[in-house]
Amino acid sequence: MKNWLLLLFPTLAMHSYDQSAVHSFADTAFVYKGFASGGTTTNLLFHSKTVDTIRGVTISQLNARYLDTLNFLPGKVKTKRHSQQKVGPSFYASIIKDRKERRFAIVPNWAIIDLQNKKQFVFKGTPYFEMYNRFVDETFR
């Protein structure tokens, strides 16, 4: 009987921990409207840092609805390492998670690229492609 309790407790503890873990992508997100530029990945990183000082660019915080969408979408596709390549016109976002800021390039009709960690979340060819495009159209355009 004692052995059963010793086996049952860790199993229940692991199961309850698994259910309580919430993996969110962002606590807060700011989007930059009025500027879209493409180029190489290095160029995208440069633009994501200078977009704060460019005239005509407005910075707005995502509301709860769009933040929920942003937290949902990246968890539905596999991340891949982003290699140096040319990318078409992109929008930029500053995402804060656990008090750490990261810069992202939002590429319409394709993917979200984490410019610091060089990871990409590709939505093209997935069931979430239309949802991603609606998110981009409603928040950046």
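Buried, as the word is used in these legends, means under 20% relative accessible area. The structure shown is a predicted model.

**Figure 1. Asp114 is a buried residue of strand β6.**
D114 is found in strand β6. Its relative accessibility is 2%, under the 20% limit, and D114 therefore counts as buried. Two polar contacts of the D114 side chain are shown. One joins the side chain of D114 to that of R102, at 3.1 Å. The other runs from the side chain of D114 to the backbone nitrogen of Q116, at 3.2 Å. Beyond residues up to four places away in sequence, D114 touches R102, R103, F104 and K119.

**Figure 2. Arg103 is a buried arginine in strand β5.**
Strand β5 comprises residues 100-107, and R103 lies in this strand. With a relative accessibility of 9%, R103 is classed as buried. The side chain of R103 reaches the backbone oxygen of S48 at a distance of 2.4 Å. When neighbours within four places in sequence are set aside, the residues in contact with R103 include Y32, S48, K49, V51 and D52. Also in contact with R103 are A93 and S94, together with I113, D114, L115 and Q116. The contact between R103 and D114 links this view to that of Figure 1.

**Figure 3. Val107 is a further buried residue of strand β5.**
V107 lies in strand β5 and, at 5% relative accessibility, counts as buried. The C-alpha atoms of V107 and V87 are 7.7 Å apart in space, while the two residues are separated by 20 residues in sequence. Apart from residues up to four places away in sequence, V107 touches V87, P89, S90, I113 and Y132. I113 is also among the residues in contact with R103.

Most residues other than glycine have a negative phi. D98, which is not a glycine, has a positive phi of about 55°. R99 likewise is not a glycine, and its phi is positive at about 65°. D98 is placed in the loop between β4 and β5, and R99 is placed in that loop as well. D98 is exposed, with a relative accessible area of 56%. R99 also counts as exposed, at 83% relative accessibility.

**Figure 4. Helices α3 and α4 cross in a left-handed manner****.**
Helix α3 spans residues 64-72 and helix α4 spans residues 129-140; their axes come within 11 Å and cross at roughly 145°. The α3 side of the contact is formed by R65, Y66, T69, L70 and F72. On the α4 side, the contact is formed by M131, F135, E138 and T139. Sorted by class, the contact has five nonpolar, two polar and two charged residues.

**Figure 5. Helix α3 has buried residues covered by strands and by helix α4****.**
The buried residues of α3 are Y66, L67, T69, L70 and N71. Their cover includes strands β1 (28-40), β4 (86-97) and β6 (111-114), as well as helix α4. Y66, T69 and L70 also take part in the contact with α4. At the start of α3, a side-chain oxygen of N63 comes to within 3.2 Å of the backbone nitrogen of R65.

G75 is located in the loop between α3 and β3 (79-81). At a relative accessibility of 64%, G75 counts as exposed. Its C-alpha atom is separated by 8.3 Å from that of S24, although G75 and S24 are 51 residues apart along the chain.

**Figure 6. The protein chain as a whole contains helices and strands****.**
This view places the preceding close-ups in context. The secondary structure comes to four helices and seven strands, and from the N terminus the elements run α-β-α-β-α-β-β-β-β-β-α. Of the 141 residues in the protein chain, 39% are buried. Among contacts between residues at least 6 apart in sequence, 66% join residues at least 24 apart. The accessible surface of the protein chain comes to about 9,000 Å², with 57% of this area belonging to carbon and sulfur atoms.

How values were computed: Residues are numbered from 1 along each chain as its sequence is written. This is a predicted model: local features need pLDDT of at least 70, side-chain atom pairs count only at pLDDT 80 or more; totals for chains, interfaces and linings use all residues. Side-chain values use heavy atoms; hydrogens and water are left out. Axes are lines fitted to C-alpha atoms, for helices over the stretch in contact, and angles run from 0 to 180 degrees between N-to-C directions. Helices (H or I, at least four residues) and strands (E, at least two) are DSSP runs, numbered from the N terminus. A crossing is left-handed if the near helix is turned anticlockwise from the far one by less than a right angle, and right-handed if clockwise. Contact means heavy atoms within 4.5 Å. Ala, Val, Leu, Ile, Met, Phe, Trp, Tyr, Cys and Pro count as nonpolar, Asp, Glu, Lys and Arg as charged, and the others, Gly among them, as polar. Buried means under 20% relative accessible area, exposed over 50%, partly exposed in between (1.4 Å probe, protein chains only). A polar contact is a pair of N or O atoms within 3.5 Å; within protein, one must be able to donate a hydrogen and the other to accept it, and residues adjacent in sequence count only if both atoms are side-chain atoms. Accessible areas come from the Shrake-Rupley method with a 1.4 Å probe; for residues, only the protein chains shown count as cover.
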